[in-house]
Structures are given as structure tokens and as C-alpha cells.
Amino acid sequence: MSKSIEYKDFVSYRAKLHLALDDLKKDKKSAASNRLRAVKKHLDDLESLRNDLNCESIGRLNHLQKMTREVDGILHPSK
């Protein structure tokens, strides 16, 4: 049986990542890092279930992971 990422959860994670981006624009790196860490914890759990997720949820997971990489890249730029 396939599992899914509930839409309300997806919206919540996406909002936290947008807030993290806003925090970075305001130079609040600590707040952005905390938001990012909170979302990453859930995404790591969802990634372990990737094979059981339905198609729509995989798309949601991919989108959130892309946003996470974007925030992480700004927070920890490559040297």
C-alpha cells in the first residue's frame, strides 16, 4: 500500500522553508538554521519511505528537498 505526504504537511514544510529564506535575507542565520533543521528531520524520515510513497508525494518530497538544498546552499556556501 502506498503512503503519502499529506498536503497540509507539505504546505507547512514549504512555509518553514520560505520563512528560512526570509530569515536569511534579514541576516538571521540562527533562525534559518533552526527552521531548516526542523524540516530536514522530517524529510529524512520521508526519504526512507520513498519506495512506498505515491507519485504525487514523491513530487512533493522532491520539491521540498530542492528547497532545502537552496536554503542550505545560502546558509553554508561552498568555498
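The crossing of α1 and α2 is left-handed, meaning that the near helix is turned anticlockwise from the far one by less than a right angle. This is a predicted model, in which local features need pLDDT of at least 70, side-chain atom pairs count only at pLDDT 80 or more, and totals for chains, interfaces and linings use all residues. Residues are numbered from 1 along each chain as its sequence is written, and side-chain values use heavy atoms, with hydrogens and water left out.

**Packing of α1 and α2**

- The axes of α1 and helix α2 (residues 29-48) come within 8 Å and cross at roughly 155 degrees.
- The two helices are therefore roughly antiparallel to each other (angles over 145 degrees).
- In the contact (heavy atoms within 4.5 Å), α1 contributes residues including Tyr13, Leu17 and Leu24, and α2 contributes residues including Arg35, Val39 and Leu46.
- The residues of this contact divide into 10 nonpolar, 1 polar and 4 charged.

**Aromatic pair**

- The structure holds 1 aromatic pair (ring centres within 6.5 Å).
- Because they are 3 residues apart in helix α1 (residues 7-25), tyrosine 7 and phenylalanine 10 are separated by about one helical turn.
- Phenylalanine 10 counts as buried at 8% relative accessibility (buried means under 20%, with a 1.4 Å probe and protein chains only).

**Isoleucine 5**

- Isoleucine 5 lies in the segment before α1 and counts as buried at 3% relative accessibility.
- Not counting residues up to four places away in sequence, isoleucine 5 touches Phe10, Leu46, Leu53, Ser57, Arg60 and Leu61.

How values were computed: Rings of Phe, Tyr and Trp (its six-membered ring) pair if their centres lie within 6.5 Å; planes under 30 degrees apart count as stacked, over 60 as edge-to-face and the rest as tilted. Helices (H or I, at least four residues) and strands (E, at least two) are DSSP runs, numbered from the N terminus. Buried means under 20% relative accessible area, exposed over 50%, partly exposed in between (1.4 Å probe, protein chains only). Axes are lines fitted to C-alpha atoms, for helices over the stretch in contact, and angles run from 0 to 180 degrees between N-to-C directions. Angles under 35 degrees count as roughly parallel, over 145 as roughly antiparallel, 65 to 115 as roughly perpendicular and the rest as oblique. Ala, Val, Leu, Ile, Met, Phe, Trp, Tyr, Cys and Pro count as nonpolar, Asp, Glu, Lys and Arg as charged, and the others, Gly among them, as polar.
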